[in-house]
There are 2 protein chains.
Amino acid sequence: MDDFAPVRTARTFELIADSIRGQIRDGKIGSGDKLPPERALAEQFGTSRNAVREALRSLEHAGLITLHKGAHGGAFITNGDPRVISRSIEDLMHLGGLTLANVTEARLSIETVIVALAAAHATDDDFAALDRNVDTVEELTRARDMNAKADLNMEFHVLLAEATGNPVLVLLMKTLMDLLRSVHRPITAEDTADIIRSRRRFLALLRSRDAAAASAEMNDHLTVLHDLFSRPEIPQ
Amino acid sequence: MDDFAPVRTARTFELIADSIRGQIRDGKIGSGDKLPPERALAEQFGTSRNAVREALRSLEHAGLITLHKGAHGGAFITNGDPRVISRSIEDLMHLGGLTLANVTEARLSIETVIVALAAAHATDDDFAALDRNVDTVEELTRARDMNAKADLNMEFHVLLAEATGNPVLVLLMKTLMDLLRSVHRPITAEDTADIIRSRRRFLALLRSRDAAAASAEMNDHLTVLHDLFSRPEIPQ
DNA sequence: GCCGCTATATTGGTTCTACCATTAAACCAT
DNA sequence: ATGGTTTAATGGTAGAACCAATATAGCGGC
């Protein structure tokens, strides 16, 4: 044995966090459960309240718990907030020189894969959800509710990811959508009409399980969209 | 305006963390720089040391800083540790019912697009790095150093991702590798011989820019690997 | 002069105590 | 019933003290 891994003396708050993580992992406590109050935890672990708080801070940042103030408040186990991932990537973007173009390219690639898998695995329920989404977008466009529309437009891609039946891909798509949301600008109603027509064509192709054609349609659509977003900003 | 978004009163440690995040984002402080000691920060922000510590804890968890004890220790800005992402996904796996099969499928999909992009964009340097990797794996196999070999095997896929020139894809691949590392079992030398032959074939195809054929070779390889990993565990 | 040991100062890690702020529930008044 | 008021529970903040690791400087022996 000649692997001299440098020792990392564990800090007590890390031990506490790991202990709680372990209990979540082993299913001893699960989504919706409430942890004991900080003061009780401090006593149980035989540490100070500060250490407990730093542990909770870490778990909160990881999206494993949410904290509520006041009576009957406390630390509640969540079902896992995927946004922590996009937050992390966002941090890395601003730090390590990831560009929007990088994200967009990656998104296009992954969308292609998703379309292929969705074409193979989508169920009637999935198609129904996608149809419903496009219908709603159309309504909202008529109602000029552009904010809600934008959200639903992104939801479309997430629904598509869900049609693959693979939650990891759903996670990735949600992450990328989160990232794009930060640079999103509302689009005018005229642009949207094109999008809706394209979506309808796309769904028809997907229903016929024609992955290649559907993928092509989606690619056209995304390219158009990308051009719209890349247009020089217009002062309102 | 009828959107009554629930108010979220900011906690002071969040303000502190955001302030530091902002300074990193704006380039006022960058990779390698050292933040003032906690006591000084507390004074500057006009808060208690506790609040500062919780802010630093948050930034540390986000992979933006690392903390060192002792004289001339402190909080150092890192260049962004991508492992925070795989940690997050790992948490979600244990919580939200992601299975290894899900991860593997996603990985196969993403590897496909990576191969395509790598075939289009790989430079001579990339090819050289990939060649070197396979050579080293071969050496290590002869030397029976299975741990180092496993790391290099994963490195191969990361190098491939780097050949796409898109850091987002590199990030994704690193994440997936981290996830797979947790279930990794050493493989015997005989299995490795096959892998090396496959890699050499793959690289030849990639050099000829034949994305489809390279992709097929990689897929075969990964399928074989997946079967190896899925073999019932053998008690040592 | 060089090696090794020993202060010593710096700095993150931890503890303790006290108090503030928010919240839900119980209670009370109209 | 409705609406305000107390009350207790609980997270958030503060501040002071001390512990533990660690780099640096300085000292001592050879």
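Trainee: How many residues does the contact take from chain A and how many from chain B?

Mentor: Bear in mind throughout that this is a predicted model. On the side of chain A that touches chain B, α1 (12-25), α3 (49-61), α4 (83-96), α5 (100-121) and α8 of chain A each supply at least two residues. By class, that side of chain A divides into 19 nonpolar, 13 polar and 6 charged residues. As for the count, the contact takes 38 residues from chain A and 38 residues from chain B.

Trainee: Which element gives the most to the surface near DNA strand C?

Mentor: Of the 24 residues around DNA strand C, those that come nearest are T12(A), N50(A), G70(A), P37(B) and A71(B). The elements giving two or more residues to this surface are α1 and α3 of chain A, together with β2 (74-77) of chain B. The surface near DNA strand C has 7 nonpolar, 11 polar and 6 charged residues. The element that gives the most to it, with 3 residues, is α3(A).

Trainee: And which element gives the most to the surface near DNA strand D?

Mentor: Around DNA strand D there are 24 residues, of which P37(A), T12(B), T47(B), S48(B) and G70(B) come nearest. At least two residues each are supplied to this surface by β2 (74-77) of chain A and by α1 (12-25) and α3 (49-61) of chain B. The residues of the surface near DNA strand D divide into 7 nonpolar, 11 polar and 6 charged. The most, 3 residues, comes from α3(B).

Trainee: Turning to chain A itself, how much of it counts as buried?

Mentor: Chain A holds 10 helices and 2 strands, and from the N terminus on its elements run α-α-α-β-β-α-α-α-α-α-α-α. Among the contacts in chain A with a separation of 6 or more, 61% are accounted for by residues 24 or more positions apart. Of the 236 residues of chain A, the share that counts as buried is 39%.

Trainee: Are α7(A) and α8(A) roughly parallel or roughly antiparallel to each other?

Mentor: Helix α7 (residues 146-163) of chain A and helix α8 (residues 167-181) of chain A pack with their axes 8 Å apart, at an angle of about 165 degrees. Angles over 145 degrees count as roughly antiparallel. The two helices α7(A) and α8(A) are therefore roughly antiparallel.

Trainee: What is the handedness of their crossing, and how do the residues of the contact of α7(A) with α8(A) divide by class?

Mentor: The crossing of α7(A) and α8(A) is right-handed. In α7(A), the residues M154(A), H157(A), V158(A), A161(A) and E162(A) meet L169(A), V170(A), M173(A), K174(A), M177(A) and R181(A) in α8(A). By class, the residues of this contact divide into 7 nonpolar, 1 polar and 3 charged.

Trainee: H72(A) has a positive phi although it is not a glycine; does H72(A) count as buried or exposed?

Mentor: The phi of H72(A) is about 55 degrees, and this residue is found in the loop between β1 (65-68) and β2 of chain A. Because H72(A) has 6 C-beta neighbours inside 10 Å, it counts as exposed.

Trainee: Where in chain A is R209(A) placed?

Mentor: R209(A) also has a positive phi, of about 60 degrees, although it is not a glycine. With 13 other C-beta atoms within 10 Å, R209(A) is partly exposed. Its place is in the loop between α9 (189-207) and α10 (211-230) of chain A.

Definitions and conventions: Residues numbered from 1 in each chain as written. Chains lettered and ligands numbered in written order. Predicted model: local features only at pLDDT ≥ 70, side-chain atom pairs only at ≥ 80, totals over all residues. Axes fitted to C-alpha atoms, helices over the stretch in contact; angles between N-to-C directions. Helix = DSSP H or I, 4+ residues; strand = E, 2+ residues; numbered from the N terminus. Parallel < 35°, antiparallel > 145°, perpendicular 65-115°, else oblique. Left-handed = near helix turned anticlockwise from the far one by under 90°. Contact = placed C-beta atoms within 7 Å. Nonpolar A, V, L, I, M, F, W, Y, C, P; charged D, E, K, R; others polar. Buried ≥ 20, exposed ≤ 12 C-beta atoms within 10 Å, placed from the backbone. Near = placed C-beta within 6 Å.
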